[in-house]
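Below is a short briefing on one protein model, grouped by topic. Please read it alongside the sequence and the coordinates.

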Amino acid sequence: MAKFDSTTAPSLKSWVESANAADCEFPIQSLPYGVFKTGDSAPRVGVAIGDRILDLAVLAEAGLLKCEAGVFAQPRLNDFIALGRTVWRGVREQISALLSHENQALQGNAGLREKALVAQADASMLLPVEVPGYTDFYSSKEHATNVGALFRDPKNALLPNWSELPIGYNGRASSVIVSGTPVRRPNGQIKLPDQERPIFGACRKLDIELETGFIVGVPNALGEPIPCEEAEQHIFGMVLLNDWSARDLQAWEYVPLGPFNAKTFATSISPWIVTMDALEPFRTAQPAQSPEPLPYLRHAGEHAFDIQLEALLKPQGKAEATTLAHTNFKYMYWSMAQQLAHHTVSGCNTRVGDLMGSGTLSGPTRDSLGALLEATLNGREPITLKTGEQRTFIEDGDELTLRGWCQGAGYRVGFGVCTGTILPAHLVK
């Protein structure tokens, strides 16, 4: 059963009228955090509400938002996140109250209201956190099974360890980019099936991975694991994540140590971080796990979230996008708590702002596959777009968009979009 608090009740309405539309991604129940700038102004922290951004630095300066001085006049959210869960919740409650339709503190102050509310259309969104470390998991059973069947015996698609632990790899934090940043097609070694040695050139099988990511908010010390039952208390919130993948580079390099250049060139995330408090009403049961996980990976209760996800592709110069996949976060086999518990069980420390990717989220049907590798059977069965064009993998100029939302009763908690347009590879001699 959904659990609501004073900031998530379905009956809440805001005096920001655009936030009350049934299809608005940023109602008062959501209040995701991001970092933005307008014109030549310095970057600062804001919250999305309807089609506006609430400038938290302005509110704090005016004395309407009680928090540590200067924490919102920053180019990243890390300083605010580092203040801890009690502060996160207190600030969320203050913002919710200020935006509630009956509250006059900001609504009734025309000058301050005009200064504090910025049109999203007039703002540039920036990377919301400094990412000290990035880890990507491989936690969708459907995705892992489909990929295993493509490259191994379909009867033994999952390796024995997959059902025992959350598989993951340490990615490249320096190439995490915010939505809207163009992505350059990578170069690398490609092993063609009819040649003895690899060739060097531009990736021919560029792919997306429809994922979510979570942001670590409460770090652990080196040598001190995070218990699975407590792991969610260490998570600040979630983003959409596209783990761009060069499948031909990956096929050649991933044995024996896993992905390297096939993944390091770019990872896109959405600019808005949806907090765990906003997601609480959408908590649901995770898939049954068999065999039962080892004791350190066990947690009671429900640890999945009903988040609808989709991926779209729009060719260069075309107005209409084609939906490639529609899936749901609740299909993920290993929960975020289990991922974080396993990541730290060896004594690995985490830091504020660390990013953990879910791995490609595929569902049980053909139209819910979160990567072109699966949907086209590694290029053997092209997808026909609405424009009449076909795709096996991504072409230069294509724009890829990820969307995500939780559907409530008369409102939805949205994640915004995560987009990237593909630029041609650099010419390397």
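**Largest pocket**

The largest pocket has a volume of about 700 Å³. The model is predicted: local features need pLDDT of at least 70 and side-chain atom pairs pLDDT 80 or more, while totals for chains, interfaces and linings use all residues. Residues are numbered from 1 along each chain as its sequence is written, and side-chain values use heavy atoms, with hydrogens and water left out.

- A pocket here is an open set of points on a 1 Å grid over the protein atoms alone, where a 1.4 Å probe fits and protein lies on both sides within 12 Å along at least five of seven lines; lining residues have an atom within 4 Å of a point.
- Grid points are joined across faces, edges and corners, and the volume is the space filled by probe spheres set on the points.
- The lining of the largest pocket comprises 29 residues, and Tyr 138, Ile 167, Gln 250, Tyr 254 and Pro 259 lie nearest the centre.
- Strand S6 (134–137), helix H5 (141–151), strand S7 (168–170) and helix H6 (247–253) are the elements that each give two or more residues to this lining.
- H5 gives the most, with 5 residues.
- Helices (H or I, at least four residues) and strands (E, at least two) are DSSP runs numbered from the N terminus.
- By class, the lining has 16 nonpolar, 8 polar and 5 charged residues; Ala, Val, Leu, Ile, Met, Phe, Trp, Tyr, Cys and Pro count as nonpolar, Asp, Glu, Lys and Arg as charged, and the others, Gly among them, as polar.

**Five-stranded sheet**

- An open antiparallel sheet is formed by 5 strands in the order S4-S3-S2-S1-S5; strands pair if DSSP finds at least two bridges between them.
- S4 (117–119) and S5 (124–126) are the edge strands with a single partner each, so one side of each has no neighbour in the sheet.
- On average, neighbouring strands of this sheet are turned by 50° against each other, direction ignored.
- Strand S3 (residues 52–55) pairs with S4 over 3 bridges in the antiparallel sense, and Leu 54 has Leu 117 in S4 as its bridge partner.
- Helix H3 (residues 85–99) packs on the sheet, touching S1 (33–37), S2 (44–49) and S3, and its direction makes about 70° with that of S1.
- Axes are lines fitted to C-alpha atoms, for helices over the stretch in contact, and angles run from 0 to 180 degrees between N-to-C directions.

- S14 is mostly covered, with 8 of its 8 residues buried (under 20% relative accessible area, 1.4 Å probe, protein chains only).
- Strand S13 (residues 210–216) pairs antiparallel with S14 over 7 bridges, with Thr 212 opposite Leu 240.
- S14 also pairs antiparallel with S17 (residues 274–275) over 2 bridges, where Gly 237 stands opposite Thr 275.
- Met 238 lies in S14 (residues 235–242) and counts as buried at 0% relative accessibility.
- Beyond four places in sequence, the contacts of Met 238 (heavy atoms within 4.5 Å) include Phe 214, Trp 272, Leu 279, Phe 329 and Phe 415.

**Backbone details**

- The peptide bond from Val 255 to Pro 256 is cis, with omega near 10°; Pro 256 sits in the loop between H6 and helix H7 (261–264).
- Ser 290 and Pro 291 are also joined by a cis peptide bond, with omega about 5°.
- Leu 31, in the segment before S1, has a positive phi near 55° without being a glycine.

How values were computed:
Buried means under 20% relative accessible area, exposed over 50%, partly exposed in between (1.4 Å probe, protein chains only).
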